[in-house]
Amino acid sequence: MQAHEGHYIDGAWRPAAGSGEVIEVVNPATEEVIATVPAGTAEDVDAAVAAARSAAGAWRATPRDERLAALTRLRDGIASHQDEIAATVVAELGSPLRLAQALHSTLPVAVATSVLEVLAEFPFEEKVGNSTVYYEPAGVVGAITPWNYPLHQIVAKVLPALAAGCPVVLKPAENTPLTARLFASIVHDAGLPAGTFNLVTGLGTVAGAALAEHDGVDVVSFTGSTAVGRRIGAAAGRGIKRVALELGGKSANVILPGADLTRAVKVGVGNAFLNAGQTCSAWTRMLVSDADYDQAVELAAKSAEGYVPGDPTDRSTRLGPLVSAVQRERVRAYIETGVREGARLVAGGAEAPEGLDKGYYVRPTVFADVEPGMTIAREEIFGPVLSILRYRDAEHALEIANGTDYGLSGGVWAADPAEAAAFARRMEAGQIDINGGAFNPAAPFGGYKNSGVGREMGRFGLEEFLQTQSLQF
Ligand code: NAD
């Protein structure tokens, strides 16, 4: 057990203010406390915001080339710490090692590289008629991130904010502060000017709320649940702050008649169970036509058998535990609700997986005969639970796909990609993969409806941290 001290403020680890309260970091596979970090207070947030404000003038005046050089060092630092990042994510999130190596530690490098490319090319000045429009940094950024992709969520905010010329104060999720501390040490080694990046660990309701409401913060960039996003949005409204909200989802994977059913189901199940189902963009609703329905259910149940929960440090494990006991109980309760409301369990279930008496494991679960009105079809579960719904025709499929409060992502499969794309264009969601199209870090990521406000990634992510000034001639 390691007791970490201090917050990263103004270029150094500073002792925490307050009375020495800590947050325990628990390994979700062993249930052991592996570390503690300071539970930051409003006073710590004040110090971090003050440091960011003092750094703002010099950072915004730093020429693009120098910003690019500093951020390139930061990207390279992340790349050279991949093993340590993967091990940390395994320990505090419970991610299977293979996933930690293939995604948690590598995706941030790809995202950072994409930010560098955007920064290198972005026109910070343009002519519009008789005006010159300048794109300026929007000010001090308060970034609040969740635990499910601990480093990716940090990089997706901090790198574009810094690229835009904005200093940042980060408040990471309570469950995964060790990855955030590792990131801060990489920032430090990259030699970014003191105060441009600051880290305060702590509880959402204390440090997070203090940051979101701070007068010295100009932009709040939040990723997390819709419930908390609503509060952050309200606080930002009161303070007339810019706000970006990346929230939850209940995304539809629509398999149109004629699609490669075997592949669509296999990829769909993999998507729903990725990261133990703790993915905001997960395709948690699979929509299948009457004609293909029984076969799809059978394929999905079979596919689920390949996701045996187990020790995340074992390289053959595909499904680790959930992040916490709270999440496990939440997910199990949803599975029980699904059964009670009449959905048909074809894989998994609410009881603990066999042979795992320690760890926050949930069985990979597939429900058939799910009706759109059922709780498991409407609410974000955030665990390895897939619902398969039946549709009559394409119009019915569209009605079900869009019949949700969320609108983050989705998938569409068809024999003809043009047919899939035409269907996708009528879906109310921000990111839709056609026949399993790959994730693109340069494409905008963000939600319609209750899935959020604003976009991350690529040029769109940079623009969230810029404001315009125009001069008329
Ligand atoms: P959460 O909303 O509970 O917490 C997210 C962050 O907000 C944490 O850092 C937390 O400490 C902080 N927080 C909590 N209460 C706060 C408050 N009152 N004021 C300020 N900050 C506060 O979410 P979570 O459980 O950590 O993450 C899971 C959720 O995040 C899911 O709903 C998921 O869909 C969503 N998510 C969305 C995206 C996306 O890009 N759209 C990505 C990942 C996760």
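Predicted model: local features only at pLDDT ≥ 70, side-chain atom pairs only at ≥ 80, totals over all residues.
Trainee: Understood. Among contacts between residues at least 6 apart in sequence, what share joins residues at least 24 apart?

Mentor: The share is 73% in this protein.

Trainee: And how many helices and strands are there?

Mentor: The protein has 16 helices and 21 strands.

Trainee: What about the overall dimensions? Does the radius of gyration agree or disagree with a compact globule?

Mentor: It agrees, because a compact globule of 473 residues would have a radius of gyration near 23 Å, and the protein has 22 Å. Along the principal axes, the C-alpha atoms fill a box of roughly 65 × 60 × 40 Å.

Trainee: How much of the chain is buried?

Mentor: Of the 473 residues, 58% are buried. The accessible surface comes to about 18500 Å², and carbon and sulfur atoms account for 51% of that surface.

Trainee: Let us turn to one helix. Which residues of α14 are buried?

Mentor: Helix α14 covers residues 394-402, and its buried residues are His396, Ala397, Leu398, Ile400, Ala401 and Asn402.

Trainee: What do they pack against?

Mentor: They pack against strands β13 (252-255), β14 (285-289) and β17 (385-391), and against helix α15 (417-424).

Trainee: Now the strands. How do β6 and β7 pair?

Mentor: Strand β6 (residues 125-128) and strand β7 (residues 131-137) are antiparallel, with 4 bridges between them. In one of these pairings, Lys127 has Thr132 of β7 as its bridge partner. The hairpin has 2 residues between its strands, and Gly129 takes a positive phi near 60° there.

Trainee: What is the strand order in the open sheet of 3 strands?

Mentor: The order is β1-β5-β4, and the pairing is mixed. Strands β1 (2-3) and β4 (22-26) each have a single partner strand, so one side of each is left without a neighbour in the sheet.

Trainee: Is the pairing of β1 with β5 parallel or antiparallel?

Mentor: Strand β1 pairs with β5 (residues 33-38) in the parallel sense over 2 bridges. Within that pair, Ala3 stands opposite Thr36 of β5.

Trainee: Lastly, how many charged side chains are there, positive and negative?

Mentor: There are 39 positive and 55 negative side chains, and the centres of the two sets lie 2 Å apart.

Technical notes. Residues numbered from 1 in each chain as written. Heavy atoms only, no water. Pairing = 2+ DSSP bridges. Rg over C-alpha atoms; globule rule 2.2 N^0.38 Å. Buried < 20%, exposed > 50% of the residue type's maximum accessible area, 1.4 Å probe, protein only. Contact = heavy atoms within 4.5 Å. Areas by Shrake-Rupley, 256 points an atom, 1.4 Å probe, with all protein chains shown as cover. Lys, Arg positive; Asp, Glu negative; His and termini not counted. Charge placed at Lys NZ, Arg CZ, Asp CG, Glu CD.
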